[in-house]
Amino acid sequence: MSKSKKNVIDPEDIINKYGADTARLFMLSDSPPERDINWSLSGINGAWKFTQKFWRTVSDCSDIFSINLNVIPKNIEEDAYGFRKKIHKHLNSITESIENFHMNVAVAKIHEMINDISYFDPKNENGKWCLKEAICILIKVSEPIMPHLAEECWQLIGNSKSVIEEKWPEVCYELLDD
């Protein structure tokens with residue numbers, strides 16, 4: 001692509017049509033930082049669809065927003081425990097990827113995390129606690145990539161402080177063992 005040939009894509013057009021978070025998500029998910037971005041309408045549409053899925057996933061969990069994460073359940077059933085293990089494995093991978101500036105890998109892990117959250121069906125209050133923990137982790141780890149959407153979701157789930165004022169979620173390393 002070249003400005004002189006007028007075959008460049010103006011990111012401002014994408015931001016105006018799809019939003020800044022979609023543009024950021026697409027740029028960070030497309031390729032490693034050492035390679036050029038290959039702009040494509042299908043890639044941008046995919047990023048936009050993902051932001052919509054992200055919003056739906058969080059907003060569809062409104063029945064768990066009031067759960068207090070400070071009260072950790074004593075006995076978590078096997079399916080909820082397995083779900084929690086998956087979430088903390090994703091958290092560990094995302095944390096390592098961001099620390100190593102592999103944002104495309106972090107984005108891929110966020111995709112996997114949101115799929116796991118979408119398919120999890122809590123059976124009781126302990127399962128709902130695990131789901132609320134997962135939603136909070138998802139929002140916090142998405143903030144560097146989709147800051148506006150993460151902030152909106154953070155407020156939606158009932159937090160008065162900004163998500164950027166929160167600590168990065170801590171990995172529970174005992175959950176990483178198989």
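The model is predicted, so local features need pLDDT of at least 70 and side-chain atom pairs count only at pLDDT 80 or more, while totals for chains, interfaces and linings use all residues. Residues are numbered from 1 along each chain as its sequence is written, and side-chain values use heavy atoms, with hydrogens and water left out.

**The overall layout**

Let us begin with the secondary structure. The chain has seven helices and zero strands, and its pattern along the sequence reads α-α-α-α-α-α-α. Helices (H or I, at least four residues) and strands (E, at least two) are DSSP runs, numbered from the N terminus. Of the 178 residues, 41% count as buried. Buried means under 20% relative accessible area, exposed means over 50%, and partly exposed lies in between (1.4 Å probe, protein chains only).

In soluble globular proteins, nonpolar side chains tend to be buried together. Here the largest nonpolar core has 48 residues, and those with the most contacts inside it are Phe54, Val58, Ile117, Ile135 and Ile139. The elements that give two or more residues to this core are helix 1 (11–18), helix 2 (20–30), helix 3 (41–59), helix 4 (78–99), helix 5 (103–119), helix 6 (125–142) and helix 7 (147–156). With ten residues, helix 6 gives the most to this core. A nonpolar core is a set of buried Ala, Val, Leu, Ile, Met, Phe, Trp, Tyr and Cys residues joined through side-chain atoms within 4.5 Å.

Which residues does Ile139 touch, leaving aside its neighbours within four places in sequence? The partners of Ile139 are Phe54, Val58, Ala150, Cys153, Trp154, Ile157 and Val163.

**How the helices pack**

Two packed helices are described by the angle between their axes and the distance between the axes. The axes are lines fitted to C-alpha atoms, for helices over the stretch in contact, and angles run from 0 to 180 degrees between N-to-C directions.

| Helix pair | Axis distance | Axis angle |
|---|---|---|
| Helix 4 and helix 6 | within 10 Å | roughly 10° |
| Helix 4 and helix 5 | within 8 Å | roughly 165° |
| Helix 3 and helix 5 | 11 Å | about 40° |

The axes of helix 4 and helix 6 cross at roughly 10°, which means that helix 4 is roughly parallel to helix 6. Angles under 35 degrees count as roughly parallel, over 145 as roughly antiparallel, 65 to 115 as roughly perpendicular and the rest as oblique. On the helix 4 side, the residues that meet helix 6 include Phe83, Arg84 and His88, and on the helix 6 side they include Trp129, Glu133 and Ile137. By class, this contact of helix 4 with helix 6 has twelve nonpolar, two polar and two charged residues. Ala, Val, Leu, Ile, Met, Phe, Trp, Tyr, Cys and Pro count as nonpolar, Asp, Glu, Lys and Arg as charged, and the others, Gly among them, as polar.

For helix 4 and helix 5, the axes cross at roughly 165°, so helix 4 is roughly antiparallel to helix 5. Their contact involves, among others, Lys86, Leu91 and Ile98 of helix 4 and Met103, Lys109 and Ile117 of helix 5. It has eleven nonpolar, three polar and four charged residues.

Helix 3 and helix 5 pack at about 40°, which means that helix 3 is oblique to helix 5. Phe50, Lys53, Phe54 and Thr57 in helix 3 meet Ile110, His111, Ile114, Asn115, Ile117 and Ser118 in helix 5. The residues of this contact divide into five nonpolar, four polar and one charged.

Glu133 is found in helix 6. Is Glu133 buried or exposed? Glu133 counts as buried because its relative accessibility is 12%. Beyond its neighbours within four places in sequence, Glu133 is in contact with Leu69, Arg84 and His88.

Leu149 lies in helix 7, and it also counts as buried, at 12% relative accessibility. Not counting residues up to four places away in sequence, Leu149 touches Asp21, Thr51, Phe54 and Trp55. Leu149 and Asp21 are 128 residues apart in sequence, with 6.9 Å between them in space, C-alpha to C-alpha.

Finally, Phe101 sits in the loop between helix 4 and helix 5. Phe101 is exposed, with a relative accessible area of 61%. Most residues other than glycine have a negative phi. Phi of Phe101, however, is near 60°, a positive value.

How values were computed: Contact = heavy atoms within 4.5 Å.
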